[in-house]
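Subject: Structure handover

Hello,

Here is the structure for your files. My notes on it follow below.

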Amino acid sequence: MNKVKGSLFFIVFVAMLGLMLIAPIMPPLIRELGLQESHSGWIVSIGSVMMALTAPLWGKLSDKFGRKPIILVGFGGMAISCLLFAVVLFSGLQHWIRGGLLLGWMIATRSLIGIFIPAILSSSQAYMGDVTEGEERTHGMALISAANGLGLVLGPAIAGAFTLIGLLWPLYFGIFTAVCALVIAKVMIPPAPPMRQEKRVKDGVLQPGLGLYLMAGFSTMIGIVTLQVIGGFYLQDRLLLTSGETARAVSFGLMCSGVAMLLVQVIQMKLLRWQPMRMIIWGSVCSAVGMALFLVPGTMSLYYGAFFLFGIGAGLMMPGFMAGASLAVGKEGQGGVAGMVAAVQGLASIVAPLLSTTLYQLDSSIPFLLAGCLIALSALVLLLSKGLRRSGRRVS
C-alpha cells in the first residue's frame, strides 16, 4: 500500500510540475515570438477550458477501463503534447512559422496538454479512493493534495533554473519527467480492475453532499488562482515596487503559501487526522483571514504573513474537499467524482483570472474581498447543511 501511495504521489507531482513549468516561460516567449500579451491569456485560458471539459470524461473512462491504463495514456499524451508544443515554439523562435499560424499551433498544442493532464489527476485521485476507506481516505487525499502543492511550489523554481540554459529547457525537462513517470506508473502501480456498476450511479451533484464539497473546492481554487494572478499587481501598487522587486516579492510570497500548504498537509497526515468537514471549516477561517490581511495597509512582512496564512487554509481545504467528495460516493463512483474535482479546478482557472483582473481595475481590494467571502460562504453552507441533516435525523 505504501508503494502504491508513494507512486501516486510522484505521479500527481509530475503532472502538476509539467503544468507549472510552462507558466513562467510564457511571458518572455510571447515577446520573443513577437506576439501580444493578450495572446498569452488566450493560450492559457483555452488550455484550462480543455482541462475542465475533459476531466469528467477521463474519470468515467477510468471507471470503465481501469485507473492504470488511463494514467499511462495521460502520461503518454502529456509527453507527446509537450514535445509538439516545444517543436512549435522552437519553430517560432527560428522564424519558420509566425503570426496567426504560430498562434494557432501554440493554442492547439497547449490545448492537447490541457486534455491529457486531467487523465492523470482524475485517475490518480480515483485510485487513491479505491485503495482507502474512511479516515485513511482523508489521509490519502491529503497526500494527493500535498503532491499538488509541491508541484505548484517547485514548478516555477525549476523552470526559472532551466531558463538559465535556454527558454525551452523547462519544456524539455517536462517531457523527460513525463516519460519517467510513465515508466514508474507502468512498473510500480498494480493494475486495478474496472469498476462494474451493477446499478446506475447518481450523476454529479445529485449525490448527497457532493455538490457542497465541489462548491468548497471551487471557492478554494478561486482564492488560490486569484492570489497567483493579481498578487504581483497588488504588491507593486501598494508598496510602490519596481518590476524586479515585484517579481521577487510575489515569487517569495507564493513560495510562502506553497510551503505553508505542504507543512499543514504533513501535520494533517501525521498528527491531526481531521475529518473533511473540520478541515474545510478551519481552513476557510485561515484562508479568509489571510485574504483580509491583504486589505490592511502594511509592510512586506505583513503581506508575506498573509500569503503564509492563506497557504495554511488552502492546505486544509484542498484535501478536505477532495476527501469529502470521495467519501460522498461508493467505490463505483470514484472515477466520476475525481473527474468532477479536476473539472472544478479547471473551471476556477478559467473564471478567476478574468474575474479578478476585471474587478481589480475597479478597486484593488474587491478581488481579495470576494475570494474571502466565497471561501467563508461555502464553509458556512456546508456547516449548515450538516446541521440540518442532523436535525432531520433527530426529528425522524
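**Two loop residues**

Leu240 is exposed, with a relative accessible area of 71%. This is a predicted model, and Leu240 belongs to the loop that joins helix H8 (210-239) to helix H9 (243-272). Its backbone has a positive phi of about 55°, although Leu240 is not a glycine.

A second residue to look at is Arg273, which is not a glycine and has a positive phi of about 55°. Arg273 sits in the loop between H9 and helix H10 (276-294). With a relative accessible area of 37%, Arg273 is partly exposed, because that class covers values between 20% and 50%.

**Helix packing around H11**

Two helix pairs involve helix H11 (residues 300-327): one with H8, the other with helix H6 (residues 134-162).

For H8 and H11, the packing angle is about 160° and the axes are 9 Å apart. Angles over 145 degrees count as roughly antiparallel, so H8 and H11 are roughly antiparallel to each other. Their crossing is left-handed. Sorted by residue type, the contact of H8 with H11 has 18 nonpolar residues, five polar and one charged.

For H6 and H11, the angle is about 135°, with the axes 8 Å apart. H6 passes H11 in a right-handed crossing. On the H6 side, the contact is made by Gly134, Arg137, Thr138, Met141, Ala142, Ile144, Ser145 and Asn148. H11 contributes Met318, Pro319, Met322, Ala323, Ser326 and Leu327. The residues of this contact divide into eight nonpolar, five polar and one charged.

**Confidence**

How high is the mean pLDDT of the protein chain? The mean is 85, and 91% of the residues reach 70 or more. Over residues 391-396, however, pLDDT stays under 50. For that stretch the model has zero contacts beyond four places in sequence. Where pLDDT is low, the predicted coordinates should not be read in detail.

Regards

Notes. Residues numbered from 1 in each chain as written. Predicted model: local features only at pLDDT ≥ 70, side-chain atom pairs only at ≥ 80, totals over all residues. Heavy atoms only, no water. Helix = DSSP H or I, 4+ residues; strand = E, 2+ residues; numbered from the N terminus. Buried < 20%, exposed > 50% of the residue type's maximum accessible area, 1.4 Å probe, protein only. Axes fitted to C-alpha atoms, helices over the stretch in contact; angles between N-to-C directions. Parallel < 35°, antiparallel > 145°, perpendicular 65-115°, else oblique. Left-handed = near helix turned anticlockwise from the far one by under 90°. Nonpolar A, V, L, I, M, F, W, Y, C, P; charged D, E, K, R; others polar. pLDDT = per-residue confidence, 0-100. Contact = heavy atoms within 4.5 Å.
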